[in-house]
Amino acid sequence: MKTNSLFEVFVNSILGKRYYTTFVAPKIETNRKSWIKNKKENYFMLSFDIDEQKDIKNLPWLLDLLNKYKIKAIFAIIGKHVEQHPEIYQQIINNGHELINHTYSHPDNPEFNPNKHFHTLPNEEKFLEIEKCHRVVKKILNYEMTGFRVPHFGYQFTEEIYPLLKKLNYSYSSSTVAIRTKTAGFPYKHDNIWEFPITCCQDHPFCIFDTSHAFRAKIVSHTSKEYIKSFEQLLKSNKNSFINIYQDPQDLKKFNYEKMLILLKKYKLNTVTYQQLTRLLK
Ligand SMILES: [Zn+2]
Ligand SMILES: [Zn+2]
């Protein structure tokens, strides 16, 4: 994820946890109260974006691991990859996970669609990207997706997606960064579409808690140990809350990923897919 402003870079690299504790945590606390008041439980969602061949390579290993811990996850997928590797995507469905639409060619994917950015495409082209991915997945995998994630949510996010998703009868999206939402990261509705914001890192508040900021970013980073420790902290502090984590499969062998799944079981969070959550929120 790209962090845009100098202020955000300053917060992430210098203030870190102090900023989180002083400014972010109180907002989460206020919003959590109304979330609990509406009798919402402590939901946890684990999602993965399959953006590159490197991600696809780690899928068989990841699927085995999720099976071992009986965890159902969400995979944001690119239509072109489904055309290339239908078997592994069929396996994801067979294992009971959820697929969400991540466009047909993921503008600015270096392999398929370099130098284009989703948010600057004309609306017709945006719709084609989403609609074509939907069509390919329906045709090849006989699977009807009902949710979406914008490529490079964060800086390529635009509210223009919601009317386009409505046209396809989609009911949810997970395309926003928790700290930039009015609900401090709790689900909200836009144009009658649920938006499930992605949880931020407590140590680097303007970064989502993904593996790319932890292991591939230039300005901020985590050691493997810190990343797991920070994850446990998140699970502890957000009890009776809403946690929506996103990770890149290509990074998962860079640290003891299994430990994260063990922690998930330890804290007994209610792990759901977006599809399940949408039904529960009705
Ligand atoms: Zn992506
Ligand atoms: Zn971090």
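Which residue in β2 does F48 stand opposite? The first view has the reply. Everything here comes from a predicted model, in which local features need pLDDT of at least 70, side-chain atom pairs count only at pLDDT 80 or more, and totals for chains, interfaces and linings use all residues. Residues are numbered from 1 along each chain as its sequence is written, while chains are lettered from A and ligands numbered from 1 in the order in which they are written.

View 1. F48 stands opposite F75 in β2. Strands here are DSSP E runs of at least two residues, helices are H or I runs of at least four, and both are numbered from the N terminus. Two strands pair if DSSP finds at least two bridges between them. β1 (residues 43-49) runs parallel to β2, joined by three bridges. On β3, the pairing with β2 is also parallel, over four bridges, and I100 of β3 stands opposite A76.

**View 2. The two covered faces of β2.** In a regular strand, side chains alternate between the two faces of the sheet. In β2 (residues 74-77), I74 and A76 lie on one side, F75 and I77 on the other, and all are buried. Buried means 20 or more other C-beta atoms within 10 Å of a residue's own, exposed means 12 or fewer, and partly exposed lies in between, with C-beta atoms placed from the backbone.

**View 3. I77 and the largest nonpolar core.** Such a core is a set of buried Ala, Val, Leu, Ile, Met, Phe, Trp, Tyr and Cys residues joined through C-beta atoms within 7 Å. This one has 66 residues, and M45, F75, I77, C200 and I208 touch the most other members. Leaving aside neighbours within four places in sequence, I77 is in contact (C-beta atoms, placed from the backbone, within 7 Å) with I50, V82, Y89, L99 and H102.

View 4. Look for K126, E129, I130, C133, H134, V136 and V137, the buried residues of α7. They cover an arc of only 165° around the axis, which puts them on the same side of α7; the arc is that of the directions from the helix axis to the C-beta atoms. These buried residues pack against α5 (79-84), β3 (98-101), β4 (147-148) and α8 (161-167). The face turned away carries the exposed N123, E124, K138 and K139.

**View 5. R135 and the end of α7.** R135 sits in helix α7 and is partly exposed, with 13 other C-beta atoms within 10 Å. From R135 to Y104 is 31 residues in sequence and 9.4 Å in space, C-alpha to C-alpha. Just after α7, N142 takes a positive phi of about 55°.

Definitions and conventions. Two residues are in contact if their C-beta atoms, placed from the backbone, lie within 7 Å.
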